[in-house]
There are 2 protein chains.
Amino acid sequence: MSILVVGSVAFDSISTPFGTVDDVLGGSACYFSTSASFFTDVNLVAVVGDDFPEQHLDFLRSRGVDLEGLKKSAGRTFRWKGRYDYDLNEAHTLETHLNVFEQFEPVLPASYQDAEYVFLANIDPELQLEVLNQVKNPRLVASDTMNFWIEGKRDALIKTLGRVDTLVINEAEVRQLAGEPNLVKAAEIVRSFGPKTLVVKRGEYGVLMFAEHSIFSAPAYPLEEVFDPTGAGDTFAGGFIGYLAATRNLDEGNLRRAIVFGTVMASFTVEQFSLDRMRTLNYEEIENRYRRIQLLTEFSSLDD
Amino acid sequence: MSILVVGSVAFDSISTPFGTVDDVLGGSACYFSTSASFFTDVNLVAVVGDDFPEQHLDFLRSRGVDLEGLKKSAGRTFRWKGRYDYDLNEAHTLETHLNVFEQFEPVLPASYQDAEYVFLANIDPELQLEVLNQVKNPRLVASDTMNFWIEGKRDALIKTLGRVDTLVINEAEVRQLAGEPNLVKAAEIVRSFGPKTLVVKRGEYGVLMFAEHSIFSAPAYPLEEVFDPTGAGDTFAGGFIGYLAATRNLDEGNLRRAIVFGTVMASFTVEQFSLDRMRTLNYEEIENRYRRIQLLTEFSSLDD
C-alpha cells in the first residue's frame, strides 16, 4: 500500500566535526520517502526549482518513489545550511533560503487522492490541512511539526492536529506544544488535541510512543560513528510509516515493530552524509539491525 | 549475601519546583543502602557528626542496615544544599559543607573485611582504594565517581579503577573520563581502565550497560510526578548491586535483570523527597514495576 508524503526537497550544506558537504540532496520529503521506499511505494508531493538535477530525480525513481506530485517551479530549490558540533543532538541553522518553497501550494494528482497512509512532514500547518482536504478517506494520517509553527501558527496547528492520528515530534516540542514540562503529562495534553498516538523523538536517546493504552520505549541504536544527524527524524518516520503501510496493520504490537524499524532506518542514515547510506542499504541489513536492537533491549521476566 | 557500602551520610536541603525541605536524610551511602536493603543485608561505612539523630539510625537499622561501620565524630554532619528547576536532570549545588566528612578515614570493622559485594560510592578515589585494601577477597567491586575527581584526582582515580569490576557513572562523566564525545567509543576507553562492566546513568533517559560482549539499554520508568531527583543514581546502584548480591549470579542475563531492578528503585525514590518513598515501599510494588518496565520495552521478534 503506497504512502503519500508532503514536505520539502532541498539542497543541504552541512558541517559536522567529521566533514563538510555543500548542496547535497536533503529535505524532509526526500529522507522520508527514501526510507519508506524500503518497505512500500511512495507518492511524493513537493516543489523543486529549475536548478534541481535529473540525477536526484532518477535516484528517487530508482527507489520506487512516484514523482507525479513533484512540481518544478521557476527559481531555485529550497536550501538549508547547518552546523553540528560534538553534541550531535543539536543542529545550528546557519542559513535558510525557502526559494520556490515559499510559494508552495501542494496539489495532489488525482491518483494520489485515494491515499490510505499520509505523512505530513514539517511544513506550515495550513498547508498540511490543505493536503488533508484533498485526500478522500485516509486510513492513517501522521504528521510532524516544529517550534516555529508551535509559536507562530498555534491555532492552525491545533486545527490540523484535530485530523491527525499520529504525531511524530521532538521531545522539546511536545513540552512546548503542551506547555507542560513533565513529558508524560505533556503527552496526554497533546493527545487531547487529536492524535491518538504520539511518537516522541529523543535523538540519541531513542523514541517514546504514547499510544491509547500504553507507552512504548525504544532506544536509539548505539553507534560508534554518527557522521551526520541531518534527516534522522524524517528517516525514522519513513521507516515507521513505511512498515505500517506495508503490513496494513495498526494494532499496538505492529506499531511497536514499526517504531523499531524507524529506529533502524534512522541509525543507518546518520552513518553518512545526506542520503548516501540509503543508496547502498539493503533489506537484510535492516533486518539484522532490527535483531540487534532486540538483543540490546531484552531481559528476562520475573517468571522465567 | 551482604554488601559493603562506603559513602556519605548527609543532611540535604533541597528545593524543587514542587517544594522545599531542610536538613532531610540523604547522602550516597544512605540512598544506596536503603535501596539495597530491599534485596539483601548491607554493611555501611560512613561518618556522621554528633548532631545526627537517633531516629535516622533507627530507620537504617529497621531496613537491615548494619551500622557498626558508621563512625560518629565530634562536629556537624555533612550537609548539601541544592536546587532543581523544571529540568529535573540537572542539580544546582548551592552549598556543600563537608564538616566531619572532611576528615573521613574509612576503617572497616573486622566483620566487614570478608565482604563479597562492595560498592564504593562517589568519594575521593584514594579513600576508595583504602577501602579496597581492607577487603580480603571481593567477588564484585562496583564504584561511582564524579567530575570533581576526574578533574582533580585523575591518576588516583585511574589507579582505583584498575581494581573495579563495575563502574556506575553519569553519561557526561563517561565522556569526560575518556576524553571522547562518542559514548560507544568512550565506553570502550573507560573499560580499558579496568572495569569489565560500565553502567552509564542517563537520568530520565535510563541506563546503558556496556558489558564484555554486549550493550544493554534500559529506559527510565516514565513518571507523571518526578518530585525530587536527589539520590536517584545511588538508589539505582543500590537496587542493581542489591539484586546481584541477593542472587549471587553475575552472568549477563542476571546483570540485565539487576539493571532493571535498579531502574525500578530509582523510579520510586524520585516520587518523594529524601528517602520518604522508601519508607513505605514494599517488594510487591517493586516487582509490579519491574513487570511494567517489561511491558514498556517489549516488541515482537521478526520470527514471531
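Where is the place of B:Asp304? B:Asp304 sits in the segment after α11 (283-297) of chain B. Helices (H or I, at least four residues) and strands (E, at least two) are DSSP runs, numbered from the N terminus. B:Asp304 counts as exposed, because it has 7 C-beta neighbours inside 10 Å. The cut-offs are these: a residue is buried if 20 or more other C-beta atoms lie within 10 Å of its own, exposed if 12 or fewer, and partly exposed in between, with C-beta atoms placed from the backbone. B:Asp304 and B:Val174 are 130 residues apart in sequence, and their C-alpha atoms are 37 Å apart in space.

This is a predicted model: local features need pLDDT of at least 70, side-chain atom pairs count only at pLDDT 80 or more, and totals for chains, interfaces and linings use all residues. Residues are numbered from 1 along each chain as its sequence is written, while chains are lettered from A and ligands numbered from 1 in the order in which they are written.

Now take the two chains together. Two copies of a chain are related by a rotation about an axis and a shift along it.

Next comes the contact itself. Chain A gives 33 residues to it and chain B gives 33 residues. Two residues are in contact if their C-beta atoms, placed from the backbone, lie within 7 Å. On the side of chain A that touches chain B, the elements that give two or more residues are α7 (183-192), β14 (215-218), α9 (252-269) and α11 (283-297) of chain A. The largest share, seven residues, comes from α11(A). By class, this side of chain A has 18 nonpolar, eight polar and seven charged residues. Ala, Val, Leu, Ile, Met, Phe, Trp, Tyr, Cys and Pro count as nonpolar, Asp, Glu, Lys and Arg as charged, and the others, Gly among them, as polar.

Helix α9 (residues 252-269) of chain B has 18 residues. From its first C-alpha to its last, α9(B) reaches 26 Å, close to the 26 Å expected at 1.5 Å a residue. The expected span is 1.5 Å times one less than the number of residues. Of the 18 residues of α9(B), 15 are buried, so this helix is largely enclosed by the rest of the structure. Helix α8 (residues 232-247) of chain A has 16 residues and reaches 23 Å, close to the 22 Å expected. Because 14 of the 16 residues of α8(A) are buried, α8(A) is largely enclosed by the rest of the structure. Just after α8(A), A:Arg248 takes a positive phi of about 50 degrees.

In chain B, look at strand β9 (residues 117-120). Both faces of β9(B) are covered: B:Tyr117 and B:Phe119 on one side and B:Val118 and B:Leu120 on the other are all buried. Strand β1 (residues 3-6) of chain B pairs with β9(B) in the parallel sense over four bridges. Strands pair if DSSP finds at least two bridges between them. In that pairing, B:Val5 stands opposite B:Phe119. Strand β10 (residues 140-143) of chain B also pairs with β9(B), in the parallel sense over four bridges. There, B:Tyr117 stands opposite B:Leu140.

Back in chain A, strand β2 (residues 10-16) is mostly covered, with five of its seven residues buried. Strand β3 (residues 19-26) of chain A pairs with β2(A) in the antiparallel sense over six bridges. A:Thr16 stands opposite A:Gly19 in β3(A). The two strands form a hairpin with two residues between them. β2(A) also pairs with strand β7 (residues 79-84) of chain A, in the parallel sense over five bridges. In β7(A), A:Trp80 is the bridge partner of A:Asp12.

One residue of β3(A) deserves a look. A:Asp23 is found in this strand. A:Asp23 has a positive phi of about 50 degrees although it is not a glycine. Most residues other than glycine have a negative phi. A:Asp23 counts as partly exposed, because it has 16 C-beta neighbours inside 10 Å.
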